[in-house]
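I opened the notebook to record what I looked up in this model. The entries follow in the order in which I made them.

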Amino acid sequence: MPSKAKTGKKLVIVESPAKSKTIAKYLGEGFIVEASIGHIRDLPQPSELPAELKKTSVGKFAVDIDNDFKPYYVVSADKKKKVTELKAALKDADELYLATDGDREGEAIAWHLLEVLKPKVPVYRMTFGEITKEAIQRAMGNLRDVDSALVDAQETRRVLDRLYGYEISPVLWRKVARGLSAGRVQSVVTRMVVDRERERMAFKAASYWDLTGQFGAGSGSFKAKLASVDGSKVASGRDFNDDGVLTARNAVHLNEELATSLAAGLQDADFRVRSVDTKPYTRRPAAPFTTSTLQQEAGRKLRFSSKSTMQVAQRLYENGYITYMRTDSSALSDEAVKAARRQASELYGPEYIPASPRVYSSKAANAQEAHEAIRPAGDSFRTPAQVAKQLSGDEFRLYELIWKRTVASQMGDAKGSTATIRLGAVATDGRDAEFSASGTVITFPGFLAAYEEGKDESRGDDDSEEARRLPNVAKNDALTASDIVAVGHETSPPPRFTEASLTAELEKKGIGRPSTYASTISTIQDRGYVRKQGSALVPSWIAFSVIRLLEQHFHDYVDYEFTADMEGDLDKIANGQAVGSAWLKHFYFGEDADPGLLSIVNNLGDIDAREINSIPITDEITLRVGKFGPYLESSAAVVDPKTGEIVENSRANVPEDLAPDELTAAKAIELMETAAPEERVLGADPHTGHTVVAKNGRYGAYVTEVIPEMTEEQIANQPVEYYKNGKPKPPKKPVKAKPRTGSLFASMTVDSVTLDEALQLMSLPRALGEDAEGNLITVQNGRFGPYLKKGTDSRSIGSEEEIFTITLEQALEIYSQPKQRGARAAVPPLAEFGPDPVSEKNIVVKEGRFGPYITDGITNITVPRATSLEELTRDQAVELLAEKRAKGPVKRTTTARKAPAKKKAAAKK
C-alpha cells in the first residue's frame with residue numbers, strides 16, 4: 001500500500017478557540033490550529049454504560065475497580081462532532097502538535113486526544129507559559145512526548161473524585177436530604193466555613209476599656225493611647241481568648257468605672273515625655289502573583305469573586321496579555337526579571353531598583369513550582385496605558401493589577417523610620433498612667449511608588465498608624481493634655497472567611513490545587529452549603545448537618561491534614577515516584593490495619609438521622625434541619641394564649657437570612673414566642689365532613705382539608721380480587737386522595753381566616769360560565785396575582801377579592817378588549833449594562849421565577865448563585881450570554897410512545 005503523500009500541513013490542537021486564534025498569528029505557513037474546546041471525553045454516568053458492563057466491576061463507578069481502576073471513558077455527546085472534525089483535519093496533516101496547557105489537566109487533555117485520534121503521523125507535545133511570538137518560538141524548540149506521570153496523576157485524581165463522591169453522597173441522600181453531594185475537596189472547604197461559624201457561635205465577648213488623649217508640644221499635637229497603669233500593661237482585645245477570659249499575665253483589665261475615674265483624675269495632670277525610641281523601617285515588596293494570591297488580591301482590591309478573577313485571567317492569557325494563570329510558583333524567568341527591572345527604571349528612576357534581581361520561591365504547602373508566576377506576557381511588558389483600548393473594563397483592571405505587582409516585585413525596599421513616644425502622668429488618686437503613640441515616616445517609597453498589597457480583615461485592636469508623623473520631642477519635655485476620655489470596647493469573634501481569606505487558608509493548609517480553588521468555592525455556593533452575606537461566606541444549616549455526619553462517620557475524609565497528604569501523594573504520582581493504580585487500591589480497599597473507603601462505607605452501622613439534623617440551641621429548643629428547611633422545635637409544653645390549649649413540640653420557622661451565629665438562645669426564644677400557629681382547625685366541611693385547617697407552610701399560609709385514611713377494617717372489607725389460579729389477591733393499598741388546598745389572600749392570616757373563607761379558597765378555580773363559542777371561563781389566583789382563564793388566553797384582574805365577586809358579564813367585557821401586554825406596572829430591571837456586542841440589544845438583569853437572570857431580549861441566562869448582583873459586572877454579563885449562545889438551544893427530550901404489541905396470529909388448525 002503506498003504511503004500517504006506529504007501535504008506540508010501541520011495540525012496544532014489547543015483547548016479553546018480564543019487560544020487558537022492567538023497562536024495562529026505566531027506560527028508560520030502550513031500550520032492549522034484547531035481547538036478541542038476542553039476535554040473530549042470523560043467518565044459516563046453508570047446508568048449510561050452499555051448493558052453488558054452494568055453488572056461487572058465497571059458498573060458502579062464506570063471504573064474497573066478489579067483491574068487497576070482502569071477508567072471507562074466515552075466521547076461526550078456534544079464532542080462527537082468536534083472529534084470528527086479533528087480526525088478530518090488530521091488526515092490532511094503530516095505532523096500533530098498537542099499544544100494544550102502545561103498543567104496536569106492540560107496533559108490529560110493531550111493524552112485523551114492521542115487516545116481518540118490515534119494519529120499515524122509524528123506527534124509532538126508543545127507547551128508554553130505565555131502566548132507570545134517569542135514563547136511560541138521557544139516552545140517549538142523544546143518539543144517533547146506526553147508526560148505519562150502527569151497524566152497518571154490527573155487520571156488518579158479523576159477516579160479518586162468519582163470513588164469519593166459516589167460512595168459518600170448516597171449516605172447524605174439517605175440521612176440528610178436528596179440531591180446533596182460530597183466531594184474530596186468541596187466537603188473539606190465546607191467544613192472550614194462551618195468550623196469558623198462554630199467558633200463564632202461559641203464565642204463569648206469580653207468588655208474592656210482604655211483611654212485616649214490629645215497631647216500637644218511646641219512642634220505640634222498628636223493622639224496617644226493608654227498603654228500601662230502602675231507599670232502593668234493595659235489589657236487589649238488580643239489579650240482575651242474566645243471564652244472572654246483574660247489570658248495575658250500581669251495585665252490590668254480596666255472596666256468602665258476604673259477607666260472613667262482614671263480619665264477624671266488625669267484631666268489636670270502634669271504630662272511629660274518619658275522616652276522617645278526611633279528605629280529604622282524597612283518593607284519589602286510582595287512576590288509576583290500565583291493563582292492563589294491573584295484571587296486574593298483581586299477580591300480585596302477589585303471586589304472580584306474567585307470565579308470572576310479566573311474567567312478574566314483566562315481571557316487575558318488566551319489573548320496573549322499575561323502568562324499562564326494556573327500556577328503556584330512565584331518565580332520569574334530571566335527575561336521577565338529584566339523586563340520588570342527595565343520598566344521600573346524607566347518609569348521611576350534607576351534608584352528605584354536594587355543592585356541585584358530579587359528571587360522568589362513559593363511558601364505554600366505542596367507548591368509544585370511547575371510554571372512561572374503570573375505576569376504580563378512577553379520579553380518586554382506593555383504598560384496598562386498601551387493596552388487600555390484593547391481590553392474590556394474588567395480585563396484592564398486585572399491586567400493593571402498584575403502589571404503593578406510584577407514591576408513592584410523587582411523594585412527596592414520602602415525605607416523610613418518608626419518613632420514611639422511614651423508619655424505619662426500621675427492621676428489624683430495616685431495611679432501612674434503611661435500613654436504611647438507610634439508613627440512611621442517613609443523617606444524612600446521604593447516599591448510603594450508602584451504598588452501596595454491589600455489586607456484581609458483581622459481581629460484585635462488596629463494600631464496601624466504608619467502614615468502618621470509625630471512631633472519632634474525629647475525626654476522630659478512637658479506636654480499639654482486635652483480630650484482624655486475613657487473608651488469602651490468588646491472583643492470580636494473570628495471574622496468569617498471571604499473568598500480571598502478562604503483561598504489563603506486553603507493554600508496555607510495545602511488543600512486542593514490553586515487551579516481548583518475558584519471552582520470549589522463556586523461549587524459550595526451553588527450546592528447551597530454556603531451563601532454570601534456581603535463579601536463574607538456564611539454556611540447554611542444543611543451544611544452543619546452534612547459536616548456533622550462526615551465528621552462522625554467519615555472523619556479522615558474531611559480531615560485537613562489527611563486531605564493535604566492526599567495532594568502530596570498525587571504530587572508523587574505526577575513526579576513518577578508512585579503509581580496511581582496502586583495508590584487507588586490502597587485508598588479504596590485499604591491495607592492491613594488501614595481500612596479503605598469501601599470498608600468504612602460497608603460498616604457504617606446505624607446513623608441516627610434525627611440526631612445528625614439536630615442542633616441544641618437551649619435546653620428546651622432545638623434547631624432541626626427538615627425536608628423543607630430549618631425550623632425550631634421546643635420540647636417544653638406551652639399554653640396557647642388565644643385558645644388556652646397546651647401545645648407540645650411547638651415549632652417556629654427560621655428566617656432564611658438569619659446567620660447561624662445570630663441564632664442565639666435569646667433569638668430562638670423570641671422566634672418561638674412570636675411564631676404564628678403552625679396549624680389551626682377551622683371546622684368541618686358540611687358537604688364532606690372533612691376537617692378544614694389553616695397552616696403556615698414554607699411558601700406561605702394556606703388552607704386544606706384533612707382526608708382520613710382508611711382503617712384496617714375498611715381495607716379488609718374491599719372487594720376481593722383473584723389470581724387466574726383462583727387464589728385471592730392481598731388487599732390493595734388504598735390510593736391516597738389528594739386534598740383540596742388554597743393559598744390565603746394577602747389580607748388573610750392563619751389566625752383570622754374563617755371556615756367559610758377557607759371553603760371558598762378550596763373551591764377555586766371558580767367557573768363563571770361560557771362565552772358565545774362555548775369556551776369555559778374561570779377565575780383563579782396565581783403566582784402573579786388573580787386572573788381569568790379561557791383556554792390558553794389569560795387576563796389579569798384587579799384584586800384577590802374580585803375572584804369571588806366578578807361576574808360572567810364583567811369577564812366577557814374584559815375579553816372583548818384587545819389583550820394588553822404588560823398592562824401591569826412595569827417592573828424596573830435590577831441592573832442595566834448597555835448594548836450586547838453580539839445582538840446589539842440592551843443587557844438587563846430581571847427578577848424571574850427562579851431568581852435573577854440576565855437577558856438581551858433574545859438570550860436568557862440565570863445569574864450564578866455564587867455571584868451576587870452587587871458583584872455582577874458588564875463583562876461577566878456579556879460572557880455569560882456568550883456562553884449560553886455557544887451552547888445553543890436546550891434540547892427537549894421526549895419519550896416516544898411505545899407501539900402497541902402486535903397480536904399473535906391465530907394458529908392454523
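I took contact to mean heavy atoms within 4.5 Å. On that basis, residues 24 or more positions apart account for 68% of the contacts in the protein with a separation of 6 or more.

I noted the conventions next. This is a predicted model, in which local features need pLDDT of at least 70 and side-chain atom pairs count only at pLDDT 80 or more, while totals for chains, interfaces and linings use all residues. Residues are numbered from 1 along each chain as its sequence is written, and side-chain values use heavy atoms, with hydrogens and water left out.

Overall: I looked up 25 helices and 37 strands, which are DSSP runs numbered from the N terminus (helices H or I, at least four residues; strands E, at least two). The C-alpha trace spans about 120 × 100 × 75 Å along its principal axes. Of the 909 residues, 45% are buried (under 20% relative accessible area, with exposed over 50% and partly exposed in between; 1.4 Å probe, protein chains only).

Cores: I used nonpolar core for a set of buried Ala, Val, Leu, Ile, Met, Phe, Trp, Tyr and Cys residues joined through side-chain atoms within 4.5 Å. The largest has 71 residues, and Phe 554 and Leu 632 touch the most other members. Helix α6 (residues 148-175) gives the most to this core, nine residues. A second, separate core has 53 residues, among them Ile 23 and Ala 298. Beyond four places in sequence, the contacts of Leu 632 include Ile 617, Leu 663 and Met 672.

Helix α13 (residues 393-409): I found that its 17 residues reach 25 Å from first C-alpha to last, close to the expected 24 Å (1.5 Å times one less than the number of residues). Twelve of the 17 are buried, including Asp 394, Trp 403 and Arg 405.

Helices α17 (residues 560-574) and α18 (residues 580-589): I read a packing angle of about 155 degrees, with the axes 10 Å apart. That makes α17 roughly antiparallel to α18. Met 566, Asp 569 and Ile 573 of α17 make the contact with Gly 580, Trp 583 and Phe 587 of α18.

Leu 86: I placed this residue in helix α3 (residues 80-91). At 1% relative accessibility, Leu 86 counts as buried. Leaving aside neighbours within four places in sequence, Leu 86 is in contact with Leu 11, Ile 13, Glu 34, Ser 36, Leu 113 and Leu 117.

Note on methods: Axes fitted to C-alpha atoms, helices over the stretch in contact; angles between N-to-C directions. Parallel < 35°, antiparallel > 145°, perpendicular 65-115°, else oblique.
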